[in-house]
Amino acid sequence: MGLQVVRSLGSNENENVVKSKRSSTGSRRALRVVSSNEVNKQVRSSSTKEAHLKSESIKTDGVSAVDECDDETEDDMVLEDEEVKAHQHISTDADDEEDEGFQVLEEKVEPMSPRWDASIEAELTAVVRKFFREDPDPGDEDTWDVSMVAEYGPEIFNYMRDLEIKYAPYSHYVPDIQSEITWENRATLMNWIVQVHARFNLLPETLFLAVNLIDRFLSKRAISLSRFQLCGAIALFIAAKYEEINCPSVQQMAYMVSNDYTIEELLKAERFMINELKFEMGYPGPMSFLRRTSKADDYDSETRTLAKYFLETTIMDPRFVASPPSWLAAGAHYLARKMLHHGKWTEEHVFYSGYSEAQLRPLADVLIDNCIDYKNNHKAIFDKYSERRFKRSAIFVQEYLRESLQY
């Protein structure tokens with residue numbers, strides 16, 4: 001829903017179109033204040049498979065595949081109960097101590113979500129009452145652009161706020177569900193996904209949907225580390241089919257994993273993942289929420305490009321696995337405005353984003369910390385956003401931080 005050509009407000013034809021739509025749709029539903037704490041209530045009840053297999057590293061040189069000697073015969077990517085029993089590892093006392101220390105490290109990863117209290121909800125309610133209109137604003141250019149469907153805007157985004165809760169992954173699937181995979185493994189996979197996504201020149205929506213499919217699948221099924229890259233490749237393949245006009249072929253995806261899997265294996269894994277996710281691909285990624293918030297800035301491209309950089313960095317951080325995409329989009333936009341000195345977080349921004357400044361400030365602090373240590377946190381994303389087509393946003397952020405923090 002990007003910025004479209006402005007049509008004449010004096011056009012009787014456009015006025016009749018809007019009026020006829022209003023008569024058929026009835027009264028509009030106001031933007032409601034949604035408590036996103038419900039996200040973390042979507043914890044899966046799946047029992048944890050207690051397997052501890054010998055770890056194998058994911059290769060990160062370019063787009064090479066994992067486990068050249070993989071001869072597993074389980075259905076697609078799943079670690080079957082029989083296989084778990086057959087490969088049960090009997091650990092020594094030293095191994096137990098090492099595992100114990102590892103578990104403590106994993107437990108330190110706490111998911112982040114927006115804070116909600118009575119004062120914040122009162123602020124949001126007041127803003128909605130102030131800016132919500134029963135009829136589309138005749139002074140808003142979007143009202144006269146039929147592709148923007150201004151009459152349905154509040155209903156659409158209320159529905160998307162419901163979907164972001166419905167399609168949220170389980171925030172603790174490592175280590176509760178996955179016994180072999182760690183958050184560090186996930187970060188390595190995401191780094192590879194970003195590179196493949198950029199190589200195919202795919203849409204941002206495709207990247208965020210692929211990440212969501214990976215996390216939701218891993219919230220349901222325990223897989224072996226040797227199948228982890230296959231999981232990522234298939235998720236990107238499915239997301240491209242869902243979002244793109246021209247998507248990569250299955251032959252191209254096989255090439256991206258160095259042809260370690262046959263076409264039949266890739267298609268079998270695709271069918272399995274889709275069935276596990278019950279064909280539910282309608283994840284409302286953060287890009288739609290970012291465009292909605294950009295309306296308060298008159299769709300300023302500079303702010304939105306910088307916000308895209310911050311948004312992509314969130315896929316590398318395990319604390320944001322189950323965070324609402326609407327909150328991440330608002331926080332990225334908030335931080336971009338701060339760095340570009342575009343003024344305060346106004347009531348219009350609160351209205352279109354659905355979040356107050358008090359809810360976004362903690363998120364912005366974490367994003368800044370991640371940007372300071374970009375080499376360890378998101379090197380591939382930094383390289384991508386250092387390019388001219390992205391206005392060298394990543395380089396701008398580093399220069400801003402050096403000036404501000406003098407590090």
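In the predicted model, the contact between helices H13 and H19 is formed by Thr 305, Leu 306, Tyr 309 and Phe 310 on the H13 side and by Ser 393, Ala 394, Phe 396 and Val 397 on the H19 side. By residue class, this contact comprises 6 nonpolar and 2 polar residues, with no charged residue. Two packed helices are described by the angle between their axes and the distance between the axes. For H13 (residues 301-313) and H19 (residues 393-405), the axes lie 9 Å apart and the packing angle is about 85°. H13 is therefore roughly perpendicular to H19, since angles of 65 to 115 degrees fall in that class.

These two helices belong to a fold with 19 helices and 0 strands. The protein has 407 residues, of which 51% count as buried. Among contacts with a separation of 6 or more, 82% are accounted for by residues 24 or more positions apart.

When neighbours within four places in sequence are left aside, the residues in contact with Gly 354 are Trp 116, Leu 124, Arg 161, His 349 and Gln 359. The C-alpha atom of Gly 354 is also separated by 9.3 Å from that of Val 127, although the two residues are 227 residues apart along the chain.

Empty space in the model was examined next. Rolling a probe the size of a water molecule over the atoms shows where empty space is left. The second largest pocket has a volume of about 460 Å³. Its lining consists of 26 residues, and those closest to the pocket centre are Asp 140, Arg 292, Lys 295, Phe 351 and Tyr 352. Two or more lining residues are given by each of helix H5 (153-166), helix H12 (286-294) and helix H15 (347-353). H5 supplies the largest share of the lining, with 4 residues. In terms of residue class, the lining of this second largest pocket divides into 14 nonpolar, 10 charged and 2 polar residues.

Conventions: Residues numbered from 1 in each chain as written. Predicted model: local features only at pLDDT ≥ 70, side-chain atom pairs only at ≥ 80, totals over all residues. Heavy atoms only, no water. 1 Å grid on protein atoms, 1.4 Å probe; cavity = no way out; pocket = protein on both sides within 12 Å on 5 of 7 lines; lining within 4 Å. Points joined across faces, edges and corners; volume = space filled by probe spheres on them. Nonpolar A, V, L, I, M, F, W, Y, C, P; charged D, E, K, R; others polar. Contact = heavy atoms within 4.5 Å. Axes fitted to C-alpha atoms, helices over the stretch in contact; angles between N-to-C directions. Parallel < 35°, antiparallel > 145°, perpendicular 65-115°, else oblique. Buried < 20%, exposed > 50% of the residue type's maximum accessible area, 1.4 Å probe, protein only.
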